[in-house]
Amino acid sequence: MKIAQITPLYEAVPPRLYGGTERVVAHLTDALVDLGHDVTLFASADAQTKARLVPVRDQAIRLDPAPLKSDLAAHMSMLGEVLDRAEEFDVIHFHTDMIHFPLFQKYADKTLTTLHGRLDMKDLPGVYARWSEFGLVSISDNQRKPLHFANWKATVHHGMPGEQYIFSPKSEGYLAFLGRISPEKRPDRAIEIATKLGKRLKMAAKVDAADKRYWEETIRPLVEGNPLIEFIGEIGDHQKSAFLGGAEALLFPIDWPEPFGLVMIEAMACGTPVVAFRCGSTPEVIEDGATGFLVDTMEQAIAAAGRAHLMDREAVRARFDLRFSATAMARRYLDVYGDLLARRPFAEAPIDTVVTPLRPLAEDRSFAAMV
């Protein structure tokens, strides 16, 4: 198939530091190329990819030192480039929320849109009702709930290349927190869990401008006043294996409808179990007692973190390989692409790309269908 991948322009592909959506697009794109498909990636010029790159901005927006920049203008320019070349592709896969809908109505039947963020916002239902011809993919079943009526084609969980993460058979005795310092990620819970257990906690986290006050007033005093807590700051992919692999457990104490939670499978790839609050996607990602523990209260979280070192780290890694590899993710998307092509009029689908799709994943959530 000739596939276009359209990524947001906020981070490089893959990101140098923190960043989820662009990281997933990078791994999906490379896995599709490895599976023999003709893939074109529309991204900033600093992307690293096995696909054919169409650079639409000189660099990703967040780390661009220019003091004044327009993310809307950058994305509109990219969409214009994709629109000019739309006839070249069998499938155009968007990861840019809904911004392309008004421009691509003519090509809606050859597009797929993966939604990567939370969907419980006031203005979203009207958009997805108005442009209902666009097929959507969720990254967890839970993510769909606010927009249950939307044109969902499948749920495809994220995947990562296993070779990027080094399995660690033994931990170094600390707990880990990796993500953003923000109220919904609940770093305060992570600090409390570690403190009550008397265990070291290493925190590798990004502080966005929007969360700077929360960091300064709420979290920084907890970090600086506690000898058990080590704040590292943002880390890149090349640092994650050592950081996550050395931990007894990753603490994922969220307090919001997390659409997926990429850090959970990154930890699993290193053999590190996850202690996660039962919220959003976590019950779909964590197998309670097998790859970590699902908890509902702080008391349960403290107890789970205290026994996480007893888990079989090889078994945790094996579940990652089975469920969350980049190849597994790419194969699931190929099933969805095939279904998209099969639903188009035969005359519109190129002869060499007409396929008989497997049963859509949204209808069959068995392990056989997932892998």
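I worked on a predicted model, where local features need pLDDT of at least 70, side-chain atom pairs count only at pLDDT 80 or more, and totals for chains, interfaces and linings use all residues. Residues are numbered from 1 along each chain as its sequence is written, and side-chain values use heavy atoms, without hydrogens and water.

**Sheet.** I looked up the strand order first. The sheet is open, has six strands and runs β10-β9-β8-β11-β12-β13 with parallel pairing. Pairing takes at least two DSSP bridges between two strands. Strands (E, at least two residues) and helices (H or I, at least four) are DSSP runs numbered from the N terminus. β10 (229-231) and β13 (292-295) each have a single partner strand, so one side of each lacks a neighbour in the sheet. Neighbouring strands are turned by 20° on average, direction ignored.

**β8 and β11.** I found three bridges between β8 (residues 174-180) and β11 (residues 247-252). Y174 faces A247 of β11.

**Helices on the sheet.** I checked contacts (heavy atoms within 4.5 Å). α4 (residues 187-197) lies across β8, β9, β10, β11 and β12, at about 170° to β9. α7 (residues 262-269) touches β8, β11 and β12, at about 170° to β11. Angles run from 0 to 180 degrees between N-to-C directions, with axes fitted to C-alpha atoms, for helices over the stretch in contact.

**α1 and α11.** I read an angle of about 75° and axes 9 Å apart for α1 (residues 21-34) and α11 (residues 326-343). That makes α1 roughly perpendicular (65 to 115 degrees) to α11. Residues meeting here include H27 and L28 in α1, and Y333 and Y337 in α11.

Definitions and conventions:
Angles under 35 degrees count as roughly parallel, over 145 as roughly antiparallel, 65 to 115 as roughly perpendicular and the rest as oblique.
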